[in-house]
Amino acid sequence: MRPDAAARQNWYKDQSLIRVIPLLYSLFEAQHAALAPMRLMAEWSRGWFGHPFSPFALTPMAKEITASSDLFLRVTNRYEKPAWEISSTLVDGLEVVVELETVVDKPFCKLIHFKREGGDRGQPKVLIVAPLSGHHATLLRDTVRTMLPENNVYVTDWVDARMVPVDAGPFHLDDYVDYVREFIRKLSPDLNVVSVCQPTVPVLAAISLMAADGEPDVPKTMIMMGGPIDARKSPTAVNNLATKRPYSWFEQTLIHRVPMKYPGAMRRVYPGFLQHLGFVAMNPDRHMNAHWDYYNHLVQNDGDSAGAHRRFYNEYNAVLDMPAEYYLDTIRRVFQEFQLPKGRMFVREQWVRPDKISKTALFTIEGEHDDISGNGQTEAAHALCTGIPASRREHFLVPDVGHYGIFSGRRYREIIYPRMREFMRKQH
């Protein structure tokens, strides 16, 4: 077939996909709209039977009806990006105001600074690279809140791809690496970089390229928490899905186009609602039991337990669309071809050489019960970063901690962060 004929054929094929692919996303939007009357009835029911001054609240089944209505509203709700809810922190025992400041504003990411009243006070500068893997960066709220009293904190706040117009262009894994390099240069010198889960790979790639190019302002430390540096080790359900399905399955089944109602109309994405279904499918019994417990807490007037459920699921249920190019690149290059640990990763035709890193200290952290990134996957960075002296490398396998416990919760605050703080202080 002549090249021009092949090009025309591919163009017609793409146009047919444009007509068909939005269907699932549009059906999801239509389903939510169709539920509007039922949600309105549930809101009325919750008010009639739950308001303390309503006569219906005295009926025998009032608590059960109120709880059922509330649960229905939560299950069918569309959860928007949560607020950071960090307006102050304690510095040297004194409460200071914290303001969010956008330092770099790019189409797919905002670099935000948690600016504390009184300035940085000479404390360490930390860039937290949040995962672009379904949830918003606010999932790291506890990570940020814990580090703020003693550090000058910046975070990558990824933009929901459905809100990015098509004319902004595609976003590949290589673009992610470029973003990280730009942010590191912006915040250097004397920078500590913390990558949580998925970004461990692009962060290691970015710092490797900077070291290979002889850039003077490489980070002082890189702390990698629960990420798939080598996804061949201790494979989890996430890893198995990626290896058991061909690349074409992910592209044909999970990639859809954004409906016309959003700024990113017609952009190819991995929709947030499909990601959320995948999250729930990993532990369906756990989520079903959590919602059943929530119902019982409402019936029993256990406001504290019900409130804890709401806070967790307000964050967990808030998902974003990922750019299709980035998602598919990650599936192929990280989880199917294992390019980084095999020494076959290239970013814009430049070979990624972690062994070139010599001035950046490395600290890897894993959770003993992590069911997202298995044990050994993050630790594998040590075998790649042979240019870093052993005295400047550490690994911490945290006992009795799952994936989310690595960067949030009591054990993070009391056990993990103190080790991170000590490691950063030693390198400065």
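Helices (H or I, at least four residues) are DSSP runs, numbered from the N terminus. This is a predicted model, in which local features need pLDDT of at least 70, side-chain atom pairs count only at pLDDT 80 or more, and totals for chains, interfaces and linings use all residues. Residues are numbered from 1 along each chain as its sequence is written, and side-chain values use heavy atoms, with hydrogens and water left out.

**View 1. The second largest pocket and the helices around it.** A pocket is an open set of points on a 1 Å grid over the protein atoms alone, where a 1.4 Å probe fits, with protein on both sides within 12 Å along at least five of seven lines; lining residues have an atom within 4 Å of a point. Here, 27 residues form the lining, and Phe28, Val75, Asn77, Phe273 and His276 lie nearest the centre. At least two lining residues come from each of α2 (22–34), α4, α10 (272–282), α11 (284–299) and α12 (303–316). The most come from α10, which gives five.

**View 2. Helix α3 and its buried face.** Look for residues 36–50, the 15 residues of α3. Buried (under 20% relative accessible area, 1.4 Å probe, protein chains only) describes Arg39, Ala42, Ser45 and Phe49 in this helix. Down the axis of α3, these buried residues fall within an arc of 120° (taken from the directions from the helix axis to the C-beta atoms), so they line one face of the helix. They pack against α4 (62–75), with contact meaning heavy atoms within 4.5 Å.

**View 3. The buried residues of α12.** Find Ala306, Gly307, His309, Tyr313, Glu315 and Tyr316, which are buried in α12. Their cover includes α4, α5 (141–147), α10 and α11.

Terms used: The expected span of a helix is 1.5 Å times one less than its number of residues. Buried means under 20% relative accessible area, exposed over 50%, partly exposed in between (1.4 Å probe, protein chains only).
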